[in-house]
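Subject: A structure for you to explore

Hi there,

Here is the structure I promised to pass on, with my notes on what turned up in it.

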Amino acid sequence: MHSGNAKKDKPQSGFLGNLTASQEHKLKEAHLTLLKTIGRAPLDAKVGIYVKDDQPQGKSLFSFGDNSKSTPEECLSDFKEACGDLPTKTVLSAFGQAARFDHPDALMLRFLRARKWNTAKALVQLGHTLHWRGRVSHIDQVLERGEEFYIKKEKNAGFAEQFTSGKVCLHGHDKHNRPIVNVTVCKHDPKAQTDEEMELFTIYLIETVRLALTNEVSTAVVVFNLEGFGLSNMDYHVVKFLLGCFEQYYPECLGILFIHKAPWVFSGIWSIIKGWIDPVVASKIQFTKKSSDLLKAIDSTQLLDYLGGTSPYKYKYIEPKEGENAYLSKTEERDQLFEKRREMYAKFEDLTLQWVLTKDAKESEELRVQRDELAAELTKQYWVLDPYVRARSISDRDGTLGEFHVELQSGNIAQPTL
């Protein structure tokens, strides 16, 4: 589905398929805390296989990676506090909904990498994220409503503006198969929508782009094209909100952020913005001036023509089609799929608990393989469930998401034939 020029990279250390013994230990610690939270593991349970690392003997591995100290009991308490008013019994389902089609380990590893393998800090960030998704941003509702609701039923003009203006489009992939989000900043008018409408669109966009990611390709590329940019286009609120999302709620989802053809007036703005940026996010920002700079990372066939590429793609907003979200009303079928998914997750919990607690290295490896196989089945089952819980987007209708997932190509169940 992708260009033959795209590279298939070996997983980096700390990613699925390439964990050190210590990293796997951290992953087990994090899962054990999650299972303790919902009462599926004894409060005094410990990871079965101890991994010695560079810390003095006897120190808790929860402090691995920095000088902070935290006991498993404190970690559990802090995680529960970070989850806020999420009912304890729903924490695991909230985690599963956040993972969607990802391997559950892949989601947990994002937070561990973002917090430099400090389990306590990673779980606190995860807890805040689960609370934000369920109690603040209501992401599942946003995805179920989708463009059809916000544009046609609610007639949210500010939300619609983001699509009709053509300021943002998901198109193409870089030389590492990472999907590209193209943003033409000069088309943005801060007065054309409210801050709340921009936050809604930003969340919707990020979640749509996430659909183009996989366990193997776990980050995206963003190209902010500042050609023609002026002070009237500057929107500090949306920049701050976007950076906060990347840092707090979607860790390790950004691969590279190109700031392309920034004019001299942007230098003063940048001096303000850079103070808001987390060092991890900052390390992924690159300034480019010429098309040749972008072409080092993106093949010409994948780069839009106004950026110097040869892609024939032209963005045009395609409005929601009659009947494209028919599956959303089939609640009986949806509930049956959810019940099957709950059963699969319960089995995954059982395997995870065994994997975490076993003291036998051979058994640990066998259980890991079984978990990976079941996680692959959960991924397949998600794509069957997808049309029952997510309204179609422009990226479904124009075939963009089908470039990344066969499950989203026209004719498959996740993209009903209209």
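The second largest cavity has 14 residues in its lining, and F163, L170, L205, I394 and S395 are the ones that lie nearest its centre. Before going on, please keep in mind that this is a predicted model. The space inside the second largest cavity comes to about 150 Å³. Helix 7, strand 1 (168-173), helix 8 and helix 15 each give at least two residues to that lining. Which element gives the largest share of the lining of the second largest cavity? The answer is helix 8, with 4 residues. Sorted by class, the lining of the second largest cavity has 10 nonpolar, 3 polar and 1 charged residues.

Start with S395, which is found in helix 15 (residues 394-397). Is S395 buried or exposed? S395 has a relative accessible area of 7%, and because buried means under 20%, S395 counts as buried. Once neighbours within four places in sequence are set aside, the contacts of S395 are L170, T208, T400 and L401. L170 is also among the residues nearest the centre of the second largest cavity.

The other one is F163, which brings us to the rings. How many aromatic pairs does the structure hold? There are 19 aromatic pairs. F163 is buried, at a relative accessible area of 5%, and F201 is buried with a relative accessible area of 5%.

Another edge-to-face pair is made by Y327 and Y388, whose ring centres are 5.1 Å apart with 90° between the planes. Y327 sits in the loop between helix 12 (291-295) and helix 13 (331-357), while Y388 sits in helix 14 (residues 361-389), so this pair ties together parts that are 61 residues apart in sequence. Y388 is buried too, with a relative accessible area of 6%.

If you select F149, Y150, F159, F163, F201, Y204 and Y317 together, you will see a cluster linked by ring pairs.

The charged end of R113 sits over the ring of F15, 3.6 Å from the ring centre. F15 itself is in the segment before helix 1 (21-37), and F15 is buried, with a relative accessible area of 17%. Leaving out residues up to four places away in sequence, F15 touches L109, R113, S218 and E252. A second example is K240, which lies over the face of W276, at 4.9 Å from the ring centre.

Now for the other spaces. The count comes to 6 cavities of 30 Å³ or more, and the largest cavity holds about 690 Å³ of space. The largest cavity is lined by 37 residues, and V183, V222, F224, V239 and L242 lie nearest its centre. Several elements supply at least two residues each to this lining: strand 2 (179-184), helix 8, strand 3 (220-225), helix 9 (236-249), strand 4 (254-260) and helix 10 (266-273). Helix 8 supplies the largest share of the lining of the largest cavity, 7 residues. By class, the lining of the largest cavity divides into 30 nonpolar, 4 polar and 3 charged residues.

What is the volume of the second largest pocket? The second largest pocket has about 590 Å³ of space. The second largest pocket is lined by 21 residues, with S93, Q97, F338, R341 and R342 nearest its centre. Helix 3 (91-99), helix 6 (139-153), helix 13 and helix 14 each supply at least two residues of that lining, and helix 13 has the largest share, 7 residues. Here the classes divide into 10 nonpolar, 3 polar and 8 charged.

Enjoy looking around, and write back with any questions!

Best wishes

Methods
Residues are numbered from 1 along each chain as its sequence is written. This is a predicted model: local features need pLDDT of at least 70, side-chain atom pairs count only at pLDDT 80 or more; totals for chains, interfaces and linings use all residues. Side-chain values use heavy atoms; hydrogens and water are left out. Buried means under 20% relative accessible area, exposed over 50%, partly exposed in between (1.4 Å probe, protein chains only). Contact means heavy atoms within 4.5 Å. Rings of Phe, Tyr and Trp (its six-membered ring) pair if their centres lie within 6.5 Å; planes under 30 degrees apart count as stacked, over 60 as edge-to-face and the rest as tilted. A charge sits over a ring if NZ of Lys or CZ of Arg is within 6 Å of the ring centre and within 35 degrees of the ring normal. On a 1 Å grid over the protein atoms alone, a cavity is a set of points where a 1.4 Å probe fits but cannot get out, and a pocket is an open set with protein on both sides within 12 Å along at least five of seven lines; lining residues have an atom within 4 Å of a point. Grid points are joined across faces, edges and corners, and a volume is the space filled by probe spheres set on the points. Ala, Val, Leu, Ile, Met, Phe, Trp, Tyr, Cys and Pro count as nonpolar, Asp, Glu, Lys and Arg as charged, and the others, Gly among them, as polar.
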